[in-house]
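Good morning, colleagues. Please take a moment with the sequence and the structure, which I shall now put on the screen.

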Amino acid sequence: MKFIFLIFLLVSIFFQTAFAQNMQAQNQNIHIASLVAKEMSKTLPQKIDKYTTLNSIRNDASTLVYSFAINSGAKSDAAIQKEDHKRMQRAVTAGICKSYENFLKSNINISYLYMSEQTKKLLFRFDVTQDKCNYPTLK
């Protein structure tokens with residue numbers, strides 16, 4: 001009976017320690033995401049290309065959330081969503097996977113929100129986590 005109690009106690013201590021370490025890592029990631037968002041926001045808004053402006057960067061816990069405005073001219077929101085979603089999703093995901101590899105591997109996720117400059121409606125939201133990227137695994 002004492003042996004079973006001892007094993008239970010050791011397993012309990014192990015899980016408490018692992019939980020505490022996980023919470024510490026999550027808190028660290030939230031802090032890092034907050035600092036990155038605050039620092040990068042100093043240069044905004046920033047024109048990205050002919051159609052796109054990066055308006056804000058914030059953190060939502062350990063996720064960096066980038067908000068863009070798209071100036072689509074006469075093209076409707078519905079047309080943009082229908083015609084451009086797949087192409088943009090592939091390009092944005094590939095770009096995030098390449099540019100933010102260290103963040104993603106540290107469990108800091110990235111979200112890109114694209115809003116219509118004219119209507120202020122959400123056109124696209126792309127949430128990228130490490131599992132959406134094809135990083136080589138170490139063996």
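I begin with a term: two strands are said to pair if DSSP finds at least two bridges between them. In that sense, I70 stands opposite S116 in strand 4. Please bear in mind throughout that this is a predicted model.

Let me turn to the overall plan. The chain contains three helices and five strands, and along the sequence these follow the pattern α-β-β-β-α-α-β-β. Of its 139 residues, 31% count as buried. Among contacts with a separation of 6 or more, 54% are between residues 24 or more positions apart. The accessible surface comes to about 9900 Å², and carbon and sulfur atoms account for 59% of that area.

I now come to strand 3, which spans residues 63-70. Eight of its eight residues are buried, so strand 3 is largely enclosed by the rest of the structure. As a general point, side chains in a regular strand alternate between the two faces of the sheet. In strand 3 both faces are covered: one side carries T63, V65, S67 and A69, and the other carries L64, Y66, F68 and I70.

Which strands lie beside it? Strand 2 is joined to strand 3 by eight bridges, and the two run antiparallel. Here D60 stands opposite T63. Two residues separate the strands in this hairpin, and A61 takes a positive phi near 60°. Strand 3 also pairs with strand 4, in the parallel sense, over eight bridges. One of the positions to look at is F68, whose bridge partner in strand 4 is Y114.

Strand 4 itself, residues 109-116, is mostly covered, with six of its eight residues buried. Six bridges join strand 4 to strand 5, residues 122-128, and this pair runs antiparallel. Within it, L113 has R125 of strand 5 as its bridge partner. The two strands form a hairpin with five residues between them, and K120 in the turn has a positive phi of about 65°.

Next, the interior. In soluble globular proteins, nonpolar side chains tend to be buried together. In this model the largest nonpolar core has 27 residues, and those with the most contacts inside it are Y66, Y112 and Y114. At least two residues of this core come from each of helix 1 (2-40), strand 2 (52-60), strand 3, helix 2 (77-99), strand 4 and strand 5. Helix 2 provides the largest share, five residues.

What does Y66 touch, leaving aside residues up to four places away in sequence? Its contacts are M40, L54, S56, I57, Y100, I110, S111, Y112 and L113.

Where is the bend in helix 2? The bend is at D84 and amounts to about 60°. D84 is also among the buried residues of this helix, which include D77, A79, I80, M88, V92, T93, I96 and C97. Their cover includes strand 3, helix 3 (101-105), strand 4 and strand 5.

Thank you for your attention.

Methods
Residues are numbered from 1 along each chain as its sequence is written. This is a predicted model: local features need pLDDT of at least 70, side-chain atom pairs count only at pLDDT 80 or more; totals for chains, interfaces and linings use all residues. Side-chain values use heavy atoms; hydrogens and water are left out. Buried means under 20% relative accessible area, exposed over 50%, partly exposed in between (1.4 Å probe, protein chains only). Helices (H or I, at least four residues) and strands (E, at least two) are DSSP runs, numbered from the N terminus. Contact means heavy atoms within 4.5 Å. Accessible areas come from the Shrake-Rupley method with a 1.4 Å probe; for residues, only the protein chains shown count as cover. A nonpolar core is a set of buried Ala, Val, Leu, Ile, Met, Phe, Trp, Tyr and Cys residues joined through side-chain atoms within 4.5 Å. The bend at a residue is the angle between axes fitted to the seven residues ending there and the seven starting there.
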